[in-house]
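Please look through the sequence and the model below before reading on. The paragraphs after them go through a few parts of the structure in turn.

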Amino acid sequence: MLKKSGIIALFGALVLSTAALADVKGDYESAIQNVKDNKIEESVKLFQGISNSTDKVYVTKANYQLGTYYLSKNDTEMAKSYFTKAIKDKKDSSSEVLESLAYLSNIYYTEKKLDLAEKAVVDMVTRTQGKDAKALSYVASFYLSGNVDYVKAEDYYKKAIEKAPYNCYRPYYELAKLYVITGRFNDSEEVMDDIPDKANIAL
């Protein structure tokens, strides 16, 4: 059984930990506000501090923000460094992680590192367990117009259509485009006919 002094020490540690997490959240919100106020240097400093904290959720968010910042500065090496840090937790499928993987794929593709570009987009599907239409569509697009493989592109678009919300048409449109490219015009027409009547919002 814990002695009274031990309980007090444990309680104190929990209070400090909670306070630290609250500070990280506050710093992140301040950094986002600085971005909106065009105080970029101040926001970068805050994001860098958060990146070195112990709060996994906000570390990921900060690394993603820093990655996009350095990408906007055309510093792809620094951008890759932060995006890579953002995807460190293999079980994380947050929007920041998925966007980081998408950015990494684009960077690797421009560097002609097609194996790494492909690995990044496939990881999007792996992390979302093949249940996210947007991730599936992104991989399909990679095979359609990036590292061209029409068989894989068709497969991923079909999977995206299965998972797409009722009012999302992009996977249908892209699959139809694939069929036109490959000369399968009848298949293209069938896909377009299958688009839900109220499908008016793209992924």
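At what angle do helix H8 and helix H9 pack, and how far apart are their axes? The model is a predicted one. In it, H8 covers residues 150–163 and H9 covers residues 170–181; they pack at an angle of about 155 degrees, and their axes are 9 Å apart. Angles over 145 degrees count as roughly antiparallel, so H8 is roughly antiparallel to H9. Their crossing is left-handed.

Next come the residues that form this contact. H8 contributes Tyr 150, Ala 153, Glu 154, Tyr 157, Lys 158, Ala 160 and Ile 161. From H9 come Pro 171, Tyr 172, Glu 174, Leu 175, Leu 178, Tyr 179 and Ile 181. Sorted by type, the residues of the contact are eleven nonpolar and three charged, with no polar ones.

In soluble globular proteins, nonpolar side chains tend to be buried together. The largest nonpolar core of this model has 46 residues. Tyr 157, one of the H8 residues in the contact with H9, is among those with the most contacts inside this core, along with Phe 47, Ile 50 and Tyr 156. What does Phe 47 touch, leaving aside its neighbours within four places in sequence? Phe 47 is in contact with Tyr 28, Ala 31, Ile 32, Val 35, Ala 62, Gln 65 and Leu 66.

Leu 116 belongs to helix H6, residues 114–127.

How values were computed
Residues are numbered from 1 along each chain as its sequence is written. This is a predicted model: local features need pLDDT of at least 70, side-chain atom pairs count only at pLDDT 80 or more; totals for chains, interfaces and linings use all residues. Side-chain values use heavy atoms; hydrogens and water are left out. Axes are lines fitted to C-alpha atoms, for helices over the stretch in contact, and angles run from 0 to 180 degrees between N-to-C directions. Helices (H or I, at least four residues) and strands (E, at least two) are DSSP runs, numbered from the N terminus. Angles under 35 degrees count as roughly parallel, over 145 as roughly antiparallel, 65 to 115 as roughly perpendicular and the rest as oblique. A crossing is left-handed if the near helix is turned anticlockwise from the far one by less than a right angle, and right-handed if clockwise. Contact means heavy atoms within 4.5 Å. Ala, Val, Leu, Ile, Met, Phe, Trp, Tyr, Cys and Pro count as nonpolar, Asp, Glu, Lys and Arg as charged, and the others, Gly among them, as polar. A nonpolar core is a set of buried Ala, Val, Leu, Ile, Met, Phe, Trp, Tyr and Cys residues joined through side-chain atoms within 4.5 Å. Buried means under 20% relative accessible area, exposed over 50%, partly exposed in between (1.4 Å probe, protein chains only).
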